[in-house]
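Hi everyone, thanks for coming.

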Amino acid sequence: MRLRSAVAVASGALMLVLAVPGSASAATGQFRYSYKTADGYEAVGFFNNPESGRCIDIQRAGSDGTSAAYAPKNLTDSTATVFLEAGCMGDVFYSLRPGAGASERLLVRSVVFS
């Protein structure tokens with residue numbers, strides 16, 4: 001009887017694990033960047049636990065066609081590849097390992113996490 005109960009419990013647990021959908025892969029931590037507001041003030045933006053493998057356009061960066069975000073800091077546990085162009089396009093990009101940051105000279109408009 002005990003063996004049959006143990007098998008039933010194990011089977012039920014396995015069915016539950018298979019039925020629960022997996023969560024999307026995400027980088028754990030925060031990605032920060034600086035940008036200038038429309039009034040010329042410096043501000044800081046960030047993403048918490050960003051989704052991995054999906055291009056993220058940095059809002060407020062380059063919306064006027066001239067400015068971009070700058071000084072990115074990758075405080076996540078994944079590598080962040082930042083791009084000068086929106087849509088993670090173009091041949092101007094830079095990889096930031098987990099915990100790394102870049103100077104104000106690095107301009108960014110989009111980012112993707114590994």
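This is a predicted model: local features need pLDDT of at least 70, side-chain atom pairs count only at pLDDT 80 or more; totals for chains, interfaces and linings use all residues.

Let's start with the strands. There is an open sheet of four strands here, ordered β3-β8-β5-β6, and the pairing is antiparallel. Which strands stand at the edges? Those are β3, residues 56-57, and β6, residues 93-96; each has a single partner strand, so one side of each is left without a neighbour in the sheet. Now look at β5 and β8, which pair in the antiparallel sense over four bridges. Within that pairing, Val 82 sits opposite Val 111 of β8.

The largest nonpolar core has 18 residues, and the members that touch the most others are Phe 31, Tyr 33, Phe 47, Ile 58, Val 82, Val 111 and Phe 113. Four strands, β1 (29-36), β2 (42-48), β5 (80-83) and β8 (110-113), supply at least two core residues each. The largest share is from β1, with three residues. As a general background, nonpolar side chains in soluble globular proteins tend to be buried together.

Stay with Val 111 for a moment. What does Val 111 contact, leaving aside neighbours within four places in sequence? The list includes Phe 31 and Phe 47, then Arg 54, Cys 55 and Ile 56, and also Val 82.

Now for the rings. The model has six aromatic pairs. In one of them, Phe 31 and Tyr 33 are tilted, with 6.5 Å centre to centre and 35° between the planes. Both of these residues are buried. Tyr 33 also pairs with Tyr 35: the centres are 6.1 Å apart and the planes are at 40°, so this pair is tilted too. Tyr 35, like Tyr 33, is buried.

Last stop: Asn 74, in strand β4, residues 69-76. Is Asn 74 buried or exposed? Its relative accessibility is 0%, so Asn 74 counts as buried. What lies 3.3 Å from a polar atom of the Asn 74 side chain? That is the backbone oxygen of Arg 97.

Terms used. Residues are numbered from 1 along each chain as its sequence is written. Side-chain values use heavy atoms; hydrogens and water are left out. A nonpolar core is a set of buried Ala, Val, Leu, Ile, Met, Phe, Trp, Tyr and Cys residues joined through side-chain atoms within 4.5 Å. Buried means under 20% relative accessible area, exposed over 50%, partly exposed in between (1.4 Å probe, protein chains only). Contact means heavy atoms within 4.5 Å. Rings of Phe, Tyr and Trp (its six-membered ring) pair if their centres lie within 6.5 Å; planes under 30 degrees apart count as stacked, over 60 as edge-to-face and the rest as tilted. A polar contact is a pair of N or O atoms within 3.5 Å; within protein, one must be able to donate a hydrogen and the other to accept it, and residues adjacent in sequence count only if both atoms are side-chain atoms. Two strands pair if DSSP finds at least two bridges between them.
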